[in-house]
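Please keep the structure open as you read.

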Amino acid sequence: MATFNGKYALITGATSGIGNELAKLFAKDGYNLVIVARTESDLEGVASGLSSIYGINVTTIAKDLSLPNAPFEVYDEVKTRGIKIDVLVNDAAQGQYGKFVETDIQRELEIVRLNIMAYLVLTKFFLKEMVARNEGKILQVASIGGQLPGPMQSVYHATKAFILSHTEALVNELKDTAVTITALLPGPTDTDFFNKAGMEHTKMVQEGTLSDPAKVAKDGYEALMSGDNKIISGLKNKVQVAMSNVMPDSVAAKQVEKQMEPSEKEK
Ligand SMILES: NC(=O)c1ccc[n+]([C@@H]2O[C@H](COP(=O)([O-])OP(=O)(O)OC[C@H]3O[C@@H](n4cnc5c(N)ncnc54)[C@H](OP(=O)(O)O)[C@@H]3O)[C@@H](O)[C@H]2O)c1
């Protein structure tokens, strides 16, 4: 059982991967949770698991956040239930593998709505309340992809660059308040993400070292609680971003392109 702290964290994408590991960390520290994802049965499974282990309240909201009205509906539902959100975690996002001239634009617009618009809407509404109370924290799960060129994942990388840029600006706008916003930048991590993105066959997934989502979540959680602006999870990822900052974009893009090639192991 956790020591109940009476606070609420809203976590999108809490049923799998990094978001699920973050949900466990909040629950362990006695936070009640509002968890959002598409699959009702997964939400119920996570809710009953966390509430029975930690004795916290878990509210589930099943929504497809890539639908234009969905993030507004999530906010309305939280208000209707009279819940005050102390911490917002925007985690749910997807990618899509393929050359931009060949990929499906509808799928990419869905990704833009999920990875950018849902983050923006939820951040806007909950941040307004946090600033009015002068308390609260937001974690934006971004990616090192937001700081690297993204051949074969151009839209995904661009969505993460948007979130990073927006977060950096908010850090400045919030500097005279007690509210903090933190960007978490994971590198390739061992979750269902690559399966959903059609990337399982790439060298990055088959031959690279994938981070443990529990470790990534712990890095993000600690940075959030310390009020840090940005955390790149893992030394290898810190080095990759630092090197890409000093090398020409074309060289950084070539390195990512290599990682996106089909692995020999798959052939
Ligand atoms: N894995 C990586 O290598 C990696 C690297 C860098 C950054 N990240 C970032 O980490 C975050 C989490 O990714 P992950 O790797 O943990 O992915 P994951 O294991 O695929 O989990 C994604 C979560 O988001 C939910 N979700 C997906 N689409 C949704 C939608 N349209 N509406 C509502 N919920 C949706 C999923 O539940 P449902 O499917 O039931 O909706 C699930 O709970 C993302 O922001 C991702 O960009 C991941």
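Where is the place of M152?

## M152

M152 sits in the loop between β5 and α5 (154–173). Helices here are DSSP runs of H or I with at least four residues, strands are runs of E with at least two, and both are numbered from the N terminus. M152 is not a glycine, yet has a positive phi of about 75°.

M152 is buried because 21 other C-beta atoms lie within 10 Å. The cut-offs are 20 or more other C-beta atoms within 10 Å of a residue's own for buried, 12 or fewer for exposed, and partly exposed in between, with C-beta atoms placed from the backbone.

## About the model

This is a predicted model, in which local features need pLDDT of at least 70 and side-chain atom pairs count only at pLDDT 80 or more, while totals for chains, interfaces and linings use all residues. Residues are numbered from 1 along each chain as its sequence is written.

## N134

The loop between α4 (105–133) and β5 (137–141) holds N134. N134 is not a glycine either, and its phi is positive, at about 55°. Is N134 buried or exposed? N134 counts as exposed, because it has 10 C-beta neighbours inside 10 Å.

## G220

Helix α8 (residues 213–226) contains G220. G220 has 27 C-beta neighbours inside 10 Å and therefore counts as buried. Leaving aside residues up to four places away in sequence, G220 touches L22, L139, V141, L184, I231 and S233; contact requires C-beta atoms, placed from the backbone, to lie within 7 Å.

E207 and G220 are 13 residues apart in sequence, and their C-alpha atoms are 25 Å apart in space.

Note on methods. Two residues are in contact if their C-beta atoms, placed from the backbone, lie within 7 Å.
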